[in-house]
Each structure stands twice: as C-alpha cells, then as structure tokens.
Amino acid sequence: MKPDRQQVEADLLQFVQARGPRYAAVIRDTDLLDGGLLDSLLLTDLILHIEGQHGIEFDSHHVSPGNFRTVSAIADLVLDQFPPRPPG
C-alpha cells in the first residue's frame with residue numbers, strides 16, 4: 001500500500017534532523033546539495049533507511065542528485081515506487 005506523503009516527509013525530516021545540529025534546521029525544501037549537507041554517508045544512510053522502512057529497493061538510476069536534493073524530492077522518489085492508490 002502506498003504510504004501517506006506527509007508521513008514519508010515527516011519520517012525523512014526526523015531522520016535527517018537527527019544527524020546533529022548542522023541538520024536541525026532542515027525543512028522539506030532545504031537544498032541538501034547546495035547546503036553541503038548531502039554527502040556519500042548521508043546518501044547511503046538515507047537509502048538504507050528508506051529501503052528498510054518501506055520495503056523497497058532502489059536501482060542505480062534512482063540514485064541521482066535530483067532525486068535526493070530535498071526531502072520533498074526524496075519523498076517523491078519513495079512514493080513513485082508504489083502503484084497509485086485506487087480511487088474511492
């Protein structure tokens with residue numbers, strides 16, 4: 001079942017903000033790349049966290065700067081891994 005967007009973003013924000021004081025001010029549209037916050041360790045940790053949390057696996061083509069630039073973009077990537085919710 002496709003997770004709720006707000007829930008995914010809240011989980012991602014909590015995960016990123018828990019990394020320390022440097023990350024505490026991150027919000028859903030903070031540019032993690034331009035801000036120098038997204039390094040290879042955070043990227044790897046995010047991927048492992050998301051895959052474990054949502055039971056999905058990312059292919060190498062999913063791991064691109066545009067997909068991990070903001071928490072909002074990461075949430076889009078996560079939600080795109082699930083089929084659309086049926087209407088109704």
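**Exercise 1. Determine how the end-to-end reach of helix 1 relates to its expected span.**

Solution. Helix 1 contains 13 residues, and the distance from its first C-alpha to its last is 18 Å, close to the 18 Å expected at 1.5 Å a residue. The expected span is 1.5 Å times one less than the number of residues. Helices are DSSP runs (H or I, at least four residues), numbered from the N terminus. The model is predicted: local features need pLDDT of at least 70, side-chain atom pairs count only at pLDDT 80 or more, and totals for chains, interfaces and linings use all residues. Residues are numbered from 1 along each chain as its sequence is written, and side-chain values use heavy atoms, with hydrogens and water left out.

**Exercise 2. State which elements have the lowest and the highest mean pLDDT.**

Solution. The predictor's confidence in each residue, pLDDT, runs from 0 to 100. For the protein chain the mean is 94, and 99% of residues reach 70 or more.

**Exercise 3. Identify the buried residues of helix 1 and the elements against which they pack.**

Solution. Buried means under 20% relative accessible area (1.4 Å probe, protein chains only). In helix 1 this selects Val8, Glu9, Asp11, Leu12, Leu13 and Val16. These buried residues pack against helix 2 and helix 3. His49 touches Asp11 and Phe15, not counting residues up to four places away in sequence; contact means heavy atoms within 4.5 Å.

**Exercise 4. Find which members of the largest nonpolar core touch the most other members.**

Solution. A nonpolar core is a set of buried Ala, Val, Leu, Ile, Met, Phe, Trp, Tyr and Cys residues joined through side-chain atoms within 4.5 Å. Of the 23 residues in the largest core, Leu12, Val26, Leu46, Ile74 and Val78 touch the most other members. Helix 1, helix 2 and helix 3 (71-80) each supply at least two residues, and the largest share, 6 residues, comes from helix 3. Ile74 touches Leu12, Leu32, Leu46, Ile50, Asn67 and Phe68, not counting residues up to four places away in sequence.

**Exercise 5. Classify the pair formed by the rings of Phe58 and Phe68.**

Solution. Rings of Phe, Tyr and Trp (its six-membered ring) pair if their centres lie within 6.5 Å; planes under 30 degrees apart count as stacked, over 60 as edge-to-face and the rest as tilted. The count comes to 1 aromatic pair. The centres of Phe58 and Phe68 are 6.3 Å apart and the planes stand at 80°, so the pair is edge-to-face.

Conventions:
Buried means under 20% relative accessible area, exposed over 50%, partly exposed in between (1.4 Å probe, protein chains only).
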